[in-house]
Amino acid sequence: MLPYITLLLLCQLAGEIITRLAGLPIPGPVAGMVLLFLGLVVRGRVPPELEKTSQGLLRYLALLFVPAGVGVIAYLDLLSHALLPVAAAVLPGTLLTVAVTGLVMQRLGRAAGEKR
Amino acid sequence: MEARLAALAPGLLHTPLLWLTLTLLVFQGAEALFRRSGAHPLSNPVLLSVAAISALLLACHIEYQVYFSGARFLHFLLGPATVALAVPLYRQMEIIRKSFAAIMVSLLAGSLTGMGSALALGWLCRADPRIILSMAPKSVTTPIAMGIAGEIGGLPSLTAVIVIVTGISGAAFGGWALDRARVKDPVARGLAYGTASHGIGTARAMHASPVSGAFAGLAMGLNGLATALILPALVSLLHIGALK
């Protein structure tokens, strides 16, 4: 497991370095995800230990957002000044985005499936 | 009693032990409630955990920085966990190759809906332009969203909060919207979660199925890129900046 935790960290580190040097508008971990993906494509298979390590981390992905989520309390003042527009835009806007993305993909995916 | 607690406090308050234990306990309790309620949207584990811990900190007058100094060890794992999304994504290589165009089109449609709906609804509420601009990048992951907000004239710290609220909204109620829209395909559901509500949505999608989780992770990354490229142009096109 340890070698693969190291691998994940190395990809993240490489991602941070690349995005900073190239001034890319994406976060280091996302670039690291692309690097690992490319590595897997080149390798042609997923080492079983890497599978286990990534499953272990991803199983509790939701938990990892809790510390940042609680950060809302640091900005309650700021949020209270923008309460109406935030309340009106965030939930409906997000649900609309979810529905549009899902519907378009389902339609197009089905069309592509029929052609196959 | 209170005096004793106060004597205990300085030592424990500043150790990660207390905050990590609290976060793990609360989260597991929230997950148990989520399962018991039959995955009810309001019992989303991130929503419940954030609400419970926030209420506790506010009631005890504990600053967020104190909590985060301990809980940041969990927060740190978000980096390697994001990298780890490459593994389920690689497993979906076949679908990605076959449906590449469909993925790109739906991602773009979702990305534009996300930005457009925030701008339009904010404008309808006659919100301050700085607030509208802070809401526009709400669907993408925090570091990207804050960067864009700063660039287009929004308030990055307000954006950070709105991004979290967006993530939790999508994770909790996105499934309801997808059911109403009769989207059943796990690939489409995953893309929708990731496009609209970044990592928190991805965590929800991962919980539903590894296929959805993989595509949510992909959508999260791609929408971050799309929003960073499109939103500044869209804002200058609509002359929203001129209202500043």
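Read along the sequence, chain A follows the pattern α-α-α-α-α-α-α. In total, chain A has 7 helices and 0 strands, where helices (H or I, at least four residues) and strands (E, at least two) are DSSP runs, numbered from the N terminus.

Before I continue, a word on the basis of these values. This is a predicted model, in which local features need pLDDT of at least 70, side-chain atom pairs count only at pLDDT 80 or more, and totals for chains, interfaces and linings use all residues. Residues are numbered from 1 along each chain as its sequence is written, chains are lettered from A and ligands numbered from 1 in the order in which they are written, and side-chain values use heavy atoms, with hydrogens and water left out.

Let me stay with chain A. The radius of gyration of chain A is 20 Å, whereas a compact globule of 116 residues would have one near 13 Å. That radius is taken over C-alpha atoms, and the globule rule is 2.2 Å times the number of residues to the power 0.38. The C-alpha trace of chain A spans about 50 × 45 × 30 Å along its principal axes.

The domain assignment, automatic or from a database, gives chain A a domain 1 (1–64) and a domain 2 (71–116). The C-alpha centres of these two domains of chain A lie 26 Å apart.

Of the 116 residues in chain A, 47% are buried; buried means under 20% relative accessible area, exposed over 50%, and partly exposed in between (1.4 Å probe, protein chains only). Contact means heavy atoms within 4.5 Å. Among contacts in chain A between residues at least 6 apart in sequence, 39% join residues at least 24 apart.

As for charge, chain A carries 9 positive and 5 negative charges, and their mean positions are 11 Å apart. Here Lys and Arg count as positive and Asp and Glu as negative, while His and the chain ends are not counted. The place of a charge is NZ of Lys, CZ of Arg, CG of Asp or CD of Glu.

I turn now to chain B. Its secondary structure comes to 13 helices and 0 strands. With a radius of gyration of 20 Å, close to the 18 Å that the globule rule gives for 244 residues, chain B is therefore as compact as a globular protein of that length. Along its principal axes, the C-alpha trace of chain B spans about 60 × 45 × 30 Å.

Chain B is divided into domain 1 (2–76) and domain 2 (83–243). The C-alpha centres of domain 1 and domain 2 of chain B lie 27 Å apart, and the contact takes 7 residues from each of these two domains of chain B.

Buried residues account for 54% of the 244 residues in chain B. Among contacts in chain B between residues at least 6 apart in sequence, 62% join residues at least 24 apart. Chain B has 16 positive and 8 negative side chains, with the centres of the two sets 6 Å apart.

Finally, one residue. Is B:Thr82 buried or exposed? B:Thr82 is buried, because its relative accessible area is 12%. This residue lies in helix H5 (residues 78–84) of chain B. Which residues does B:Thr82 touch, not counting those up to four places away in sequence? B:Thr82 touches A:Pro29, A:Val30 and A:Met33, together with B:Met220.
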